[in-house]
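Below is a short briefing on one protein chain, written for a reader who will check it against the coordinates.

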Amino acid sequence: MSTDRTRPAGRHDRSRPGTVPQQRPRRPLRPHQWFAERLLAVLSGQRPVHWMLGHTIGEAYDQLAELAPDTPLRAGGRRPVVRACRSTQPATGVVEAFASIATGEQVRAMAFRLEQGPDLRWRCAAIDLGGERLPALR
């Protein structure tokens, strides 16, 4: 019996009902992209500051603790998203990154520095948020 006869009329795909379509494996996030998402979660109030313990060094945790209570990356109840995240590597084991964060019509800038420790783990060493809020480009 042909499989064409077992499909409902008008159905042209070859998958069976109840089967899950194959998804392409997602590429793992690069360190600066991963940190951008985590920093956004803390600075928008979605996660507590202590969520970044062990992922920060130096004054970065203090900077987060000072910024987070004001939830500077939350606006009007909408969930913010990372629109773009770029990085540069000024030295071995150092990444300086910036991300644009969109919340509805607002776009904010976030810059941060990552340093790789002797254990090869990346940790955030500094955070800076852009000052003036700009309307999102469509």
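How many residues does the largest nonpolar core have, and which of them have the most contacts inside it? The largest nonpolar core has 24 residues, and those with the most contacts inside it are L39, L64, M110, F112 and C124. A nonpolar core here is a set of buried Ala, Val, Leu, Ile, Met, Phe, Trp, Tyr and Cys residues joined through side-chain atoms within 4.5 Å.

This is a predicted model, in which local features need pLDDT of at least 70 and side-chain atom pairs count only at pLDDT 80 or more, while totals for chains, interfaces and linings use all residues. Residues are numbered from 1 along each chain as its sequence is written, and side-chain values use heavy atoms, with hydrogens and water left out.

**Overall layout**

- The protein has three helices and five strands, arranged along the sequence as α-α-α-β-β-β-β-β.
- Helices (H or I, at least four residues) and strands (E, at least two) are DSSP runs, numbered from the N terminus.
- Of the 138 residues in the protein, 33% are buried. Buried means under 20% relative accessible area, exposed means over 50%, and partly exposed lies in between (1.4 Å probe, protein chains only).
- Among contacts in the protein with a separation of 6 or more, 49% are between residues 24 or more positions apart. A contact means heavy atoms within 4.5 Å.

**Nonpolar core**

- The largest core, with its 24 residues, receives two or more residues from each of α2 (31–43), α3 (60–67), β2 (94–103), β3 (106–116) and β4 (122–129).
- Helix α2 gives the most to this core, with six residues.
- Not counting residues up to four places away in sequence, L64 touches L39, V42, L43, V49, M52, T56, P69 and I127.
- In soluble globular proteins, nonpolar side chains tend to be buried together.

**Cysteines**

- Zero disulfides are found in a search of the whole structure. The criterion is a pair of cysteine sulfur atoms within 2.5 Å.
- C124 counts as buried because its relative accessibility is 0%.
- C85 also counts as buried, because its relative accessibility is 11%.

**Salt bridges**

- The structure holds three salt bridges. A salt bridge is a side-chain nitrogen of Lys or Arg within 4 Å of a carboxyl oxygen of Asp or Glu.
- E96 pairs with R113 in a salt bridge, and their closest N and O atoms are 2.7 Å apart. This pair links distant parts of the chain, with E96 in strand β2 and R113 in strand β3, 17 residues apart.
- R113 also forms a salt bridge with E115, with the closest N and O atoms 2.9 Å apart.
- E96 is partly exposed at a relative accessible area of 34%. R113 is partly exposed at 27% relative accessibility, and E115 is partly exposed at 27%.
- D119 and R123 meet through their side chains in a salt bridge of 2.8 Å, N to O. D119 is partly exposed at 42% relative accessibility, whereas R123 is buried with a relative accessible area of 14%.
- Shared partners join the salt bridges of E96, R113 and E115 into one network.

**R38, a buried charge**

- R38 lies in helix α2.
- R38 is buried and has no salt bridge; E37, the nearest side chain of opposite charge, is 10 Å away.
- A polar atom of the R38 side chain lies 3.2 Å from the backbone oxygen of W51.
- Leaving aside neighbours within four places in sequence, R38 is in contact with W51, M52 and H55.

- T103 is found in strand β2 and is buried, with a relative accessible area of 7%.
- The T103 side chain reaches the backbone oxygen of L73 at 3.5 Å. Leaving aside neighbours within four places in sequence, T103 is in contact with L73, A75, R78 and P80.
- T103 and S44 are 59 residues apart in sequence and 10.0 Å apart in space, C-alpha to C-alpha.
- G58 is found in the loop between α2 and α3 and counts as exposed at 69% relative accessibility.

Methods: Lys, Arg positive; Asp, Glu negative; His and termini not counted. Polar contact = N/O pair within 3.5 Å; in protein donor to acceptor, adjacent residues only side chain to side chain.
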